[in-house]
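Please read them alongside the structure.

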Amino acid sequence: MKKSVLLAGILAGLMTTSAFAQFKYIEGRDYLPLATEIEKVEEPTIVEFFWYGCPHCYDMHGPLEAWVENDKSEKVAFETVPAMPSARWEIGGHLYYAAKALDLDIDDAVFEQVHKQHNNGIILDEDKAKSFLVSQGVDKEKVEKAWKSFGVKQEIARAKKLFQDSGLSGVPSFVINGTYEVPFQGDYESFFPKLEELAQSK
């Protein structure tokens, strides 16, 4: 009897992250299979689809950024992808990728402008978006070059395809390993560890 108890304890201690996540999380509640795999991944990967104009994305941004910078496992890759299901959202996505091409980190500033200063123009109007990039200390010609660059166009095309293939209809949305959506259920403290565990197990 004692040997059986000891063996059970050893086996429990040897449970992998995969087995743990399978017992802890339930399909249909904690994660939802996408209709199709949106992209092949080589490592555990979390993708957040977002839009600068979304108030829920704004609320998510601070806690998510803190988790990525301080607590996320190095074994899990993380990427933010602007959702562009319509022309209305495309300027914001273009702004995001042009800023990346210019090596600018503008997320905090854009969310602040849109949701605190009510300056929606920077994500809805191309000229205002470019002027915003110039206001971040970048030469106007460099902004124009980045905006029209082939690399930015490629990034936009990929982002559009990923969101379209996902079949998702809202943001913020989180996809793990190109295959599963993980719905946010209102608790940041438990949500981010769930993303990480599922990404390493599914």
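1. Asn177 is buried, because its relative accessible area is 8%, where buried means under 20% relative accessible area, exposed over 50% and partly exposed in between, with a 1.4 Å probe and protein chains only. Asn177 sits in the loop between strand 4 and strand 5 (180–181), and although it is not a glycine, it has a positive phi of about 55°. Helices (H or I, at least four residues) and strands (E, at least two) are DSSP runs, numbered from the N terminus.

2. A word on the basis of these values: this is a predicted model, in which local features need pLDDT of at least 70 and side-chain atom pairs count only at pLDDT 80 or more, while totals for chains, interfaces and linings use all residues. Residues are numbered from 1 along each chain as its sequence is written, and side-chain values use heavy atoms, with hydrogens and water left out.

3. Two further backbone details deserve a look. Asp103, in the loop between helix 4 and helix 5 (107–115), has a phi near 60°, a positive value in a residue other than glycine, and Asp103 is exposed, because its relative accessible area is 72%. The peptide bond from Val171 to Pro172 is cis, with omega near -5°, and Pro172 belongs to the loop between helix 9 and strand 4.

4. Strand 2 (residues 45–50) is largely enclosed by the rest of the structure, because 6 of its 6 residues are buried. In a regular strand the side chains alternate between the two faces of the sheet. Here Thr45, Val47 and Phe49 point one way from strand 2, while Ile46, Glu48 and Phe50 point the other way, and all are buried.

5. How is strand 2 paired with strand 3 (residues 77–82), parallel or antiparallel? The two run parallel and are joined by 6 bridges, pairing being defined by at least two DSSP bridges between two strands; the bridge partner of Phe50 in strand 3 is Pro82. From strand 2 the chain passes through helix 3 (residues 55–70) to strand 3, and this β-α-β crossover is right-handed, in the sense that, with the strands pointing away from the viewer, the path from the first strand over the helix to the second runs clockwise. With strand 4 (residues 173–176), by contrast, strand 2 pairs in the antiparallel sense over 4 bridges, and there the bridge partner of Glu48 is Phe174.

6. Thr80 lies in strand 3 and counts as buried, because its relative accessibility is 18%. The side chains of Thr80 and Tyr96 are joined by a polar contact of 2.5 Å; such a contact is a pair of N or O atoms within 3.5 Å, and within protein one must be able to donate a hydrogen and the other to accept it, with residues adjacent in sequence counting only if both atoms are side-chain atoms. Leaving aside residues up to four places away in sequence, Thr80 touches Glu48, Phe50 and Tyr96, contact meaning heavy atoms within 4.5 Å.

7. A search of the whole structure finds 16 aromatic pairs, where rings of Phe, Tyr and Trp (its six-membered ring) pair if their centres lie within 6.5 Å, and planes under 30 degrees apart count as stacked, over 60 as edge-to-face and the rest as tilted. Phe50 and Tyr52 form an edge-to-face pair, at 5.1 Å centre to centre and 80° between the planes. Tyr52 and Tyr96 form a tilted pair, at 6.5 Å and 55°, which links distant parts of the chain, since Tyr52 is in the loop between strand 2 and helix 3 and Tyr96 is in helix 4, 44 residues apart. Phe50, Tyr52, Tyr58, Tyr96, Tyr97 and Phe111 form one aromatic cluster.

8. Which residues of helix 8 (residues 140–147) are buried, among Val143, Glu141, Ala146, Lys142, Trp147 and Lys145? Val143, Ala146 and Trp147 are buried, and they lie on the same side of helix 8 because they cover an arc of only 100° around the axis, taken from the directions from the helix axis to the C-beta atoms. On the other side of helix 8, Glu141, Lys142 and Lys145 are exposed. The cover over the buried residues includes helix 4 (87–101), helix 7 (126–135) and helix 9 (150–166).
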